[in-house]
Amino acid sequence: MSNPWDFETRSIHSGFDQDEKNGATAVPIYETASFAYNTAEELADAFQNRKFGYLYSRITNPTVSVLEQRITALENGRGAIATASGMAAIATVLYALVKPGDEIVSSRSLFGGTLQLFKEIFISFGVNVIYVDPTDSNAFENAVTSRTRLFFVETIGNPKLDAANFTEIAVIAQRNNIPLVVDSSLTTPYLFEAKGYGANVVIHSTSKYISGSGHTIGGVLVDLGNYDWFNARSESIRESAQKAGDFGFLARCRRQVLQNTGGCLSPFNAYLQCLGLETLALRMEKHCSNALALARFLAEHPRVQSVCYPGLETHANFEVAKNQFGAKFGGLLTIRLGSLERCFEWIRRLKIAKNLANLGDAKTVVIHPASTIYCTCSEEEQIAAGVYPDLIRVSVGIESIHDIIDDFDQALAEV
Ligand SMILES: *Cc1c(COP(=O)(O)O)cnc(C)c1O
């Protein structure tokens, strides 16, 4: 089912080309809650899935569908579901696959929000999460039990910036008949070909690079079409596959989880994210080249204690990252400045870079994770996620690299 077009062409033309009625070439925004039918029979057919039809925008919406189809094309997947946020996409996948008593084997190097979701919702519902080092592929095998329902891994751990070896983990997942769920928010479909590396479900927070200008919150989950849901370990998915066939997983996510929990994406946000996708390839090139140049500059800087960037040859997972992400390494790096006070002082002196909790913005942004995103985590959880009191996370934007370097340098001169 692979698409004949190259990535850049798909990101602009897939899912929508031009509006049949008026010829509009920008994706039309269907800002409507509901969709009318002329007869009760037609509405009943749509409700009972005898014929496809839009019903209510909590379930499906034509503008949101374009985003879903475009992402499906970029991932060469079976289908996608857009959600209100990246967290809603992750929660939807988890609700679809696990019930109390089940187990998740997860990378321990996770985005703070995902750690909190596991801890505050799923673990308290009686789901057991076994955390493993994502760079130790055998640890996944050793953690599998008869109750394991999924593997959960980020492509590049945020903010630890370690890179799991998906070729190895996918073999283990397949051997044990466990779906491999990958959060590719930091790499996007442009850097990481999830299906080619054996992922079965890929998730993106579209709030990040896909939106691209820090303007909207959104998420998406994609069934990559390479897992046999008829034989899934999750009973609810097997039941769903009996009814919806190959679309069993997507039907469970949309018709049961999303419809009942309500984490749908708004049509206007879907429109902005479709726009973002049109320039994703161009922007990712620039994020990656700027981040590499900045990482190299900071690695030589006497006031910076250490720099972590998977594109530096000194990074422990440099080779894995190089092979998996097409010799590009994303837009995030971290630095350690020796103390929390020096971090705060440096942030105060920055003139271009913004201090805020986002990443993947066109603007360069920095944050002190320990006092913000990870403030409710214990010290042990922080260390496991690679968060230290003197660590700053930088999301390198697409401004002129000279101006970014000058800004960092002038602020470093004062700490
Ligand atoms: C931001 C982020 C999320 C959560 O996405 P939201 O859109 O903020 O809900 C999940 N995973 C990763 C890796 C992220 O960076």
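**Pockets, cavities and a ligand**

Guide: Let's start at helix α3, which gives five residues to the lining of the largest pocket, the most of any element. Keep in mind as we go that this is a predicted model. Rolling a probe the size of a water molecule over the atoms shows where empty space is left.

That largest pocket holds about 670 Å³ of space. Its lining takes 25 residues, and Phe52, Thr60, Phe247, Leu250 and Arg254 are the ones closest to its centre. Besides α3 (62-75), the elements that supply two or more residues to this lining are β1 (79-83) and α10 (248-261). If you sort the lining by kind, you get 11 nonpolar, eight polar and six charged residues.

Hold on to Thr60 and Arg254, because names can turn up in more than one place here: both also line the largest cavity. This cavity has about 50 Å³ of space. Along with Thr60 and Arg254, its lining is made of Ser57, Arg58, Ile59, Asn61, Val64, Glu68, Ala82, Leu258, Cys264 and Leu265. Helices α3 and α10 are the elements that give two or more residues to it. By kind, this lining splits into six nonpolar, three polar and three charged residues.

The structure holds two cavities of 30 Å³ or more.

Two or more lining residues come from each of α4, α5 (112-122) and β6 (201-205).

Around the ligand itself you can pick out 15 residues, with Gly86, Asp183, Ser205, Ser207 and Lys208 the closest. Five residues of this shell are nonpolar, seven polar and three charged. Helix α4 (residues 86-97) contributes the largest share of the shell, three residues.

A polar side-chain atom of Asp183 sits 2.6 Å from a nitrogen atom of the ligand. Met87 uses its backbone instead: one of its N or O atoms lies 2.9 Å from a ligand oxygen. With Ser205 we're back to the side chain, where a polar atom is 2.8 Å from an oxygen atom of the ligand. Taken alone, the ligand exposes 380 Å², and the protein buries 91% of that.

Before you go, here are two backbone details to look for. Asn158 and Pro159 are joined by a cis peptide bond, with omega at about 10°. Pro159 belongs to the loop between β4 (148-154) and α7 (166-175). The other is Asn49, a residue other than glycine with a positive phi, near 65°. Asn49 sits in the loop between α2 (40-47) and α3, and that brings us back to the helix where we began.

Note on methods:
Residues are numbered from 1 along each chain as its sequence is written. This is a predicted model: local features need pLDDT of at least 70, side-chain atom pairs count only at pLDDT 80 or more; totals for chains, interfaces and linings use all residues. Side-chain values use heavy atoms; hydrogens and water are left out. A residue is near a molecule or strand if one of its heavy atoms lies within 4 Å of it. A polar contact is a pair of N or O atoms within 3.5 Å; within protein, one must be able to donate a hydrogen and the other to accept it, and residues adjacent in sequence count only if both atoms are side-chain atoms. Accessible areas come from the Shrake-Rupley method with a 1.4 Å probe; for residues, only the protein chains shown count as cover. Helices (H or I, at least four residues) and strands (E, at least two) are DSSP runs, numbered from the N terminus. Ala, Val, Leu, Ile, Met, Phe, Trp, Tyr, Cys and Pro count as nonpolar, Asp, Glu, Lys and Arg as charged, and the others, Gly among them, as polar. On a 1 Å grid over the protein atoms alone, a cavity is a set of points where a 1.4 Å probe fits but cannot get out, and a pocket is an open set with protein on both sides within 12 Å along at least five of seven lines; lining residues have an atom within 4 Å of a point. Grid points are joined across faces, edges and corners, and a volume is the space filled by probe spheres set on the points.
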